[in-house]
Amino acid sequence: MSLVTLYRPVGAGEMALIEASGMRAFPPRLPEQPIFYPVLTLEYARKIARDWNTKDERSGFVGYVLRFDVDAEYLSRYEVQRAGGSEHLEYWIPAEELAEFNRKIVGVIEVVEGYTASK
């Protein structure tokens, strides 16, 4: 099986739900979140976690960078999306397909970095 490594920047609340899953699944999207967007590079995930999550009250003013592997054959049904700059590449997984996406994660979701708000 071929794998693709993806990254996901998350705040405190989402991190707690991922931990509750045994680091094996991402939680369902909220009603105002129609897509789940894992990103393709560590640098892009780092930027979101460090520069956005740490300034966001809903994220608990913390940002985590998560790394995980997904079955490449499954992932090939989705196109890579460019969200702004050329380095801002991500997949857009419809919220209603997140449970299936979670089943295609191979292994566990790892925390690779964490950031807190500067005081």
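**Notebook: a predicted model, residue by residue**

I opened at R82, which sits in strand β4, residues 80-82. Before going on I noted that this is a predicted model.

**Entry 1: R82**

I looked up the accessibility of R82 and found 57%; R82 therefore counts as exposed, the cut-off being over 50%. I then listed the contacts of R82, leaving out residues up to four places away in sequence, and got H88 and L89. I checked where the side chain of R82 goes: it reaches the backbone oxygen of G84 at 3.0 Å. I also took the C-alpha distance from R82 to W92, which is 9.9 Å for a separation of 10 residues in sequence.

**Entry 2: the whole chain**

I stepped back to the overall layout. I counted 4 helices and 7 strands in the secondary structure. Along the sequence I read the order β-α-β-α-β-α-β-β-β-α-β.

I asked how the radius of gyration sits against a compact globule of 119 residues. The globule would have a value near 14 Å and the protein has 14 Å, so the two agree. The C-alpha trace spans about 45 × 35 × 30 Å along its principal axes.

I looked up burial next: 38% of the 119 residues count as buried. The accessible surface comes to about 6700 Å², and carbon and sulfur atoms hold 52% of that surface. For contacts between residues at least 6 apart in sequence, I found that 76% join residues at least 24 apart. On charges, I noted 14 positive and 18 negative ones, with mean positions 3 Å apart.

**Entry 3: the loop between α1 and β2**

I placed R29 in the loop between α1 (12-20) and β2 (35-36). Is R29 buried or exposed? R29 has a relative accessible area of 14%, which is under 20%, so I put R29 down as buried. The side chain of R29 reaches the backbone oxygen of I35 at 3.2 Å. Setting aside residues up to four places away in sequence, I found that R29 touches R8, E14, I35, F36, A95 and L98.

R24 is in the loop between α1 and β2 as well. I read 48% relative accessibility for R24, so R24 counts as partly exposed. Which residues does R24 touch, not counting those up to four places away in sequence? I listed I18, N102, I105, G107, V108 and I109.

I noted 17% relative accessibility, so M23 counts as buried. The phi of M23 is near 65°, a positive value in a residue other than glycine. Most residues other than glycine have a negative phi.

**Entry 4: L98 and its partners**

L98 is found in helix α4, residues 98-103. I read a relative accessible area of 3%, so L98 is buried. Leaving out residues up to four places away in sequence, L98 touches F26, P27, P28, R29, F36 and I93. I took the distance to F26: the C-alpha atoms of L98 and F26 are 7.8 Å apart, for 72 residues along the chain.

**Entry 5: the loop between α2 and β3**

I ended with two residues of this loop. N53 lies between α2 (42-51) and β3 (62-71). At 10% relative accessibility, N53 counts as buried. I listed the contacts of N53 beyond four places in sequence: P9, V10, G11, I48, S59, F61, V62 and G63.

F61 is on that list, and F61 is found in the loop between α2 and β3. I read 37% relative accessibility for F61, so F61 counts as partly exposed. What is the phi of F61? I noted a positive value of about 60°, although F61 is not a glycine.

Conventions:
Residues are numbered from 1 along each chain as its sequence is written. This is a predicted model: local features need pLDDT of at least 70, side-chain atom pairs count only at pLDDT 80 or more; totals for chains, interfaces and linings use all residues. Side-chain values use heavy atoms; hydrogens and water are left out. The radius of gyration is taken over C-alpha atoms; the globule rule is 2.2 Å times the number of residues to the power 0.38. Buried means under 20% relative accessible area, exposed over 50%, partly exposed in between (1.4 Å probe, protein chains only). Contact means heavy atoms within 4.5 Å. Accessible areas come from the Shrake-Rupley method with a 1.4 Å probe; for residues, only the protein chains shown count as cover. Lys and Arg count as positive and Asp and Glu as negative; His and the chain ends are not counted. The place of a charge is taken as NZ of Lys, CZ of Arg, CG of Asp or CD of Glu. A polar contact is a pair of N or O atoms within 3.5 Å; within protein, one must be able to donate a hydrogen and the other to accept it, and residues adjacent in sequence count only if both atoms are side-chain atoms.
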